[in-house]
Structure formats: C-alpha cells, structure tokens
Amino acid sequence: GFVTDGRRALQQSGIEPSLLTLEIAETTVMRDTAAGTERLEEIKQLGLRIAIDDFGSGYAHHSDLQRMPLDFLKVDRSSLAASDDPEYRSWLLQTIIILGRDLSVPVIATGIETSEELTAIQAMGCPMAQGSFIGRPAPADAVEGFLEAKLPDAAHDPHEPAKTE
C-alpha cells in the first residue's frame with residue numbers, strides 16, 4: 001500500500017515529486033531483490049528519487065543494482081567502521097565510489113564529522129557528503145533563512161531566469 005499512500009500524499013500536498021528522495025536501507029531491498037526492484041520501479045513512477053541508504057551493509061550484487069532505478073548510494077561511516085584498519089576502510093569507500101561511477105549513480109558519504117574526513121572523501125572523488133561537519137539538523141524555517149542568506153536567488157521562481165547585475 002505504500003505506493004498508493006505515497007501517490008495520495010503527493011496529490012494532497014502538491015509537492016513536486018522530483019524534489020523528494022526516498023531513502024531505503026540496502027538490507028531491506030536485498031531481502032527479496034525481485035520484489036524490491038519491482039517496488040522501486042513503482043516508486044520511481046511516482047516521480048520520486050531513490051537512495052539506497054547504509055550501502056555496504058546488505059551484500060548487494062552489481063547485477064541487482066544495475067536493474068534497480070537508483071539515484072544515489074549512501075554509504076555511512078558506521079558501515080565502514082566495521083574494521084579497525086583505516087586503509088581497509090579507505091579501500092572499501094573507494095570501491096563503493098567506483099561502483100557508483102560504474103552504475104552512473106552518485107555516492108553520498110554520510111556521517112562526515114571533520115574537515116579531514118571531508119577532504120579525504122573529496123580526494124577519493126566522492127561527489128556528495130552529509131554529516132554534522134556540513135550542517136546539523138535544523139527546523140525548516142532555519143534552513144530557509146540560511147538558504148536565503150547564502151543563495152539570494154534561491155527565492156526566485158526556478159522557471160524564471162536568475163537576475164544578474
């Protein structure tokens with residue numbers, strides 16, 4: 001019933017579906033890859049973006065991932081922390097980044113808490129990151145104010161050209 005409920009919620013809210021990303025744990029999708037892929041296709045038809053969360057923890061196979069309509073792979077520091085060997089953790093993250101490139105799916109490194117971690121993932125070619133170093137969770141009005149201060153054109157209609165001076 002998720003897809004039906006999701007469709008109804010999108011219609012009632014008026015939110016543009018492409019602005020929303022549904023995060024699904026890798027272990028959830030990998031329990032039954034055929035059914036998981038089918039559900040992801042249905043969700044994708046709603047216009048939502050799809051991220052596999054906690055990637056690296058569910059033993060996903062490359063061939064399964066190729067069939068799934070994914071927009072992002074999110075790898076969490078805690079999944080990489082299973083080993084005490086920093087070289088192994090670095091190798092594992094680099095491998096996931098390469099896999100993402102092969103699948104044409106951007107990788108998001110989560111749990112970034114220091115500038116050193118951010119610098120390291122950037123050096124590996126990881127295109128996106130999130131974590132407390134980048135920004136802590138905040139109420140919507142605080143985020144809106146932050147974006148308006150940092151991106152003056154953020155408040156303009158995205159269908160109108162930005163004003164330049």
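The structure is a predicted model, in which local features need pLDDT of at least 70 and side-chain atom pairs count only at pLDDT 80 or more, while totals for chains, interfaces and linings use all residues. Residues are numbered from 1 along each chain as its sequence is written, and side-chain values use heavy atoms, with hydrogens and water left out.

**Overall fold**

- The chain holds 8 helices and 5 strands; these are DSSP runs numbered from the N terminus, with helices (H or I) of at least four residues and strands (E) of at least two.
- Followed along the sequence, the pattern reads α-β-α-α-β-α-β-α-α-β-α-β-α.
- Of the 165 residues in the chain, 32% are buried (buried means under 20% relative accessible area, exposed over 50%, and partly exposed in between, with a 1.4 Å probe and protein chains only).
- Among contacts (heavy atoms within 4.5 Å) with a separation of 6 or more, 56% involve residues 24 or more positions apart.

**Salt bridges**

- Side chains of opposite charge can pair when their charged atoms come close.
- The whole structure contains 6 salt bridges, each being a side-chain nitrogen of Lys or Arg within 4 Å of a carboxyl oxygen of Asp or Glu.
- One of them joins Lys74 to Glu23, with the closest N and O atoms 2.7 Å apart.
- This pair links distant parts of the chain, since Lys74 sits in strand 3 (residues 72-76) and Glu23 in strand 1 (residues 21-25), 51 residues apart.
- Lys74 is buried at 4% relative accessibility, whereas Glu23 is partly exposed at 41%.
- Another salt bridge brings together Lys44 and Asp71, whose closest N and O atoms are 2.5 Å apart.
- Lys44 has a relative accessible area of 27%, which makes the residue partly exposed.

- Arg39 and Glu42 meet through their side chains in a salt bridge of 3.3 Å, N to O.
- Both residues lie in helix 3 (residues 33-45), 3 residues apart, or about one turn of the helix.
- Arg39 is partly exposed at 41% relative accessibility, and Glu42 is partly exposed at 27%.
- Through salt bridges that share partners, Glu38, Arg39 and Glu42 form one network.

**Surface and pocket**

- Ile15, Leu19 and Leu20 make a nonpolar surface patch of about 270 Å²; patches are made of residues with over 30% relative accessible area and no salt bridge, with like charges joined within 9 Å and nonpolar side chains (Val, Leu, Ile, Met, Phe, Trp, Tyr) within 5 Å.
- Leu20 is found in the loop between helix 1 (2-13) and strand 1, and is partly exposed at 32% relative accessibility.
- The largest pocket is lined by residues including Glu23, Lys74, Arg49, Phe72 and Met128 (on a 1 Å grid over the protein atoms alone, a pocket is an open set of points where a 1.4 Å probe fits, with protein on both sides within 12 Å along at least five of seven lines; lining residues have an atom within 4 Å of a point).
- Strand 1, strand 2 (49-53), strand 3 and strand 5 (128-129) each give two or more residues to this lining.

Notes: Accessible areas come from the Shrake-Rupley method with a 1.4 Å probe; for residues, only the protein chains shown count as cover.
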